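Me: I have a structure open and would like to go through it piece by piece. Can you take my questions as they come?

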Amino acid sequence: MHTIIRQYSFEAAHSLPHLPPNHKCHHLHGHSYTVEVAAGGEVNESGWVMDFASLDAVVTPLVKQLDHTNLNDHFNFPTTSELLAKWFYDNIAVAMWVSVSETKRSKAVYDGYAR
């Protein structure tokens, strides 16, 4: 099986009010998010797993929905990278896994196939 991975980015703010008030993430702050989406399968007659444009057609609207917004206005769950990765995964039918990064040093991955 082959895997393709496409990267997307967006800017957004959020806060994690469930954390103690002295925690830096408790207060409103922003990130330059990076989202990676992996899709897998057998190579088709065109020589690819799927057209990247087909993946973009599904993922780009989700990213645009969040870009330059306060994530807390969209979700009724804590807007951690872990839970955002699961939200993206749940909304992208072809995803094998999704990662969300708030910084270059950290990444949260939701793998729907790992059990």
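This is a predicted model: local features need pLDDT of at least 70, side-chain atom pairs count only at pLDDT 80 or more; totals for chains, interfaces and linings use all residues.

Me: What does the C-alpha trace span along its principal axes?

Reply: About 55 × 30 × 25 Å. The protein has 115 residues, and 41% of them count as buried.

Me: And what share of the contacts comes from residues 24 or more positions apart?

Reply: Counting contacts with a separation of 6 or more, such residues account for 59%.

Me: On to the sheet. What is the order of the strands?

Reply: The order is β3-β1-β2-β4-β5, in an open sheet with mixed pairing. β3 (69-70) and β5 (106-111) are at the edges; each has a single partner strand, so one side of each has no neighbour in the sheet.

Me: Which sense do β1 and β2 pair in, parallel or antiparallel?

Reply: Antiparallel, over 13 bridges. As one of the positions, Gln-7 has Glu-36 in β2 as its bridge partner.

Me: And β1 with β3, parallel or antiparallel?

Reply: That pairing is parallel, over two bridges. Ala-12 has Thr-69 in β3 as its bridge partner.

Me: What holds strands of a sheet together in general?

Reply: Backbone hydrogen bonds, with the strands either parallel or antiparallel.

Me: How many bridges are there between β2 and β4?

Reply: Six, between strand β2 (residues 29-41) and strand β4 (residues 95-103), in the antiparallel sense. Ala-39 is opposite Ala-95 in β4.

Me: Where do the helices go? Start with α1.

Reply: Helix α1 (residues 52-66) lies across β1 (2-14), β2 and β3, and runs at about 15° to β1. Helix α2 (residues 81-90) also packs on the sheet, where it touches β1, β2, β4 and β5. The direction of α2 makes about 145° with that of β4.

Me: Changing topic: how many aromatic pairs does a search of the whole structure find?

Reply: Six. One of them is Phe-10 with Phe-88, a tilted pair with 6.3 Å centre to centre and 45° between the planes.

Me: Where do those two sit in the chain?

Reply: Phe-10 is in strand β1 and Phe-88 in helix α2, 78 residues apart, so the pair links distant parts of the chain.

Me: Are they buried or exposed?

Reply: Phe-10 is buried, at a relative accessible area of 2%. Phe-88 is buried as well, at 0%.

Me: What about Tyr-89 and Tyr-110, how far apart are their ring centres?

Reply: The centres are 5.1 Å apart and the planes are at 55°, so this pair is tilted. Tyr-89 lies in helix α2 and Tyr-110 in strand β5, so the pair ties together parts that are 21 residues apart in sequence.

Me: Buried or exposed, those two tyrosines?

Reply: Tyr-89 has a relative accessibility of 18% and counts as buried, because the cut-off is under 20%. Tyr-110 is at 22% and counts as partly exposed.

Me: Which residues do ring pairs link into a cluster?

Reply: Phe-10, Tyr-33, Phe-75, Phe-77, Trp-87 and Phe-88.

Me: Now Val-94. Where is it?

Reply: Val-94 is in the loop between α2 and β4. Its relative accessible area is 38%, so Val-94 is partly exposed.

Me: What is Val-94 in contact with?

Reply: Apart from its neighbours within four places in sequence, Val-94 contacts Ala-38, Ala-39, Met-50 and Leu-55. Val-94 and Ala-39 are 55 residues apart in sequence, yet their C-alpha atoms are 5.8 Å apart in space.

Notes. Residues are numbered from 1 along each chain as its sequence is written. Side-chain values use heavy atoms; hydrogens and water are left out. Two strands pair if DSSP finds at least two bridges between them. Helices (H or I, at least four residues) and strands (E, at least two) are DSSP runs, numbered from the N terminus. Contact means heavy atoms within 4.5 Å. Axes are lines fitted to C-alpha atoms, for helices over the stretch in contact, and angles run from 0 to 180 degrees between N-to-C directions. Rings of Phe, Tyr and Trp (its six-membered ring) pair if their centres lie within 6.5 Å; planes under 30 degrees apart count as stacked, over 60 as edge-to-face and the rest as tilted. Buried means under 20% relative accessible area, exposed over 50%, partly exposed in between (1.4 Å probe, protein chains only).
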